[in-house]
Amino acid sequence: IRDLQLEVPAPLGLRFRLGALPSRLESALAELRASGASLLAYPGLQLVYASFSLDASPDEADVEAIFHNVKSVARSAGGGYVCEAAPTSVKTGRDMFGDLGASGAIVRALKQRFDPTGVLNPGRFAGRI
C-alpha cells in the first residue's frame, strides 16, 4: 500500500489528497470512482488519494471539470484537498491547495502577522497567499 501511495502518476496525470469525515468517506469514494479516479484510501486517517489520467494535450475544460469535482467531493465530505502532482501546464495560474473556506481570513491574518512584507513564498500557499 505504501508503494502505491508513493507511486508517481504518469507525467500527464493528476493526483489529489483529500480529507473526509468518517461518516462521509464511503460516498466520497463512490463519487470519485464514478468520475474515473484511481483510488487509495486510508479510512483510519480519513485520507483519500485520487489519481486521474490526462491526454497528451489535456483539454482545459476536462482539467477544470476534474478540479471542480474534487473540490465538490471534498466539500461534501467535510474536508479539503491538495493537488499533489500535475503537469506544469495545469499548475500554471491554478491554486493547488484547495479552498480555504471560512478559515481564509485567519490564514491571511497569520500570514500578515508573521510575514508582513510577503517575502516567504508569495502566492504559493492556499488562496494564493
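A salt bridge here is a side-chain nitrogen of Lys or Arg within 4 Å of a carboxyl oxygen of Asp or Glu. The model is predicted: local features need pLDDT of at least 70, side-chain atom pairs count only at pLDDT 80 or more, and totals for chains, interfaces and linings use all residues. Residues are numbered from 1 along each chain as its sequence is written, and side-chain values use heavy atoms, with hydrogens and water left out.

**View 1. Salt bridge between Lys 111 and Asp 115.** The side chains of Lys 111 and Asp 115 meet at 2.7 Å, N to O. Lys 111 is partly exposed, at 21% relative accessibility, whereas Asp 115 is buried, with a relative accessible area of 7%. Buried means under 20% relative accessible area, exposed over 50%, and partly exposed in between (1.4 Å probe, protein chains only).

**View 2. Salt bridges of Arg 94 with Glu 60 and Glu 64.** The structure holds 5 salt bridges. In the one between Glu 60 and Arg 94, the closest N and O atoms are 2.6 Å apart. Glu 60 lies in helix 3 and Arg 94 in the loop between helix 4 (88–91) and helix 5, so this pair ties together parts that are 34 residues apart in sequence. Helices (H or I, at least four residues) and strands (E, at least two) are DSSP runs, numbered from the N terminus. Arg 94 also meets Glu 64 in a salt bridge (2.5 Å, N to O). Glu 64 is in helix 3 too, so the pair that it makes with Arg 94 ties together parts that are 30 residues apart in sequence. Arg 94 is buried, with a relative accessible area of 11%; Glu 60 is partly exposed at 45%, and Glu 64 is partly exposed at 38%.

**View 3. Network of Arg 15, Arg 17 and Glu 84.** These three residues are linked by salt bridges. Side chains of opposite charge can pair when their charged atoms come close.

**View 4. Helix 2 and its cover.** Leu 25, Ala 28, Leu 29 and Leu 32 are buried in helix 2. Seen down the helix axis, the buried residues fall within an arc of 100°, so they line one face of helix 2; the arc is that of the directions from the helix axis to the C-beta atoms. Glu 26 and Ala 34, on the other side of helix 2, are exposed. The cover over the buried residues includes strand 1 (14–19), strand 2 (38–42), strand 3 (47–52) and helix 3 (60–76). Gly 36 follows helix 2 and has a positive phi, near 95°. In the chain, confidence is highest in helix 2 (residues 25–34), at a mean of 94, and lowest in helix 1 (residues 2–6), at 60; pLDDT is the predictor's confidence in each residue, from 0 to 100.

**View 5. Surroundings of Gly 13.** Gly 13 sits in the loop between helix 1 and strand 1 and is buried, at 5% relative accessibility. Leaving aside neighbours within four places in sequence, Gly 13 is in contact (heavy atoms within 4.5 Å) with Phe 52, Leu 54, Ala 85, Ala 86 and Pro 87. The C-alpha atoms of Gly 13 and Pro 58 are separated by 9.8 Å, and the two residues are 45 residues apart along the chain.
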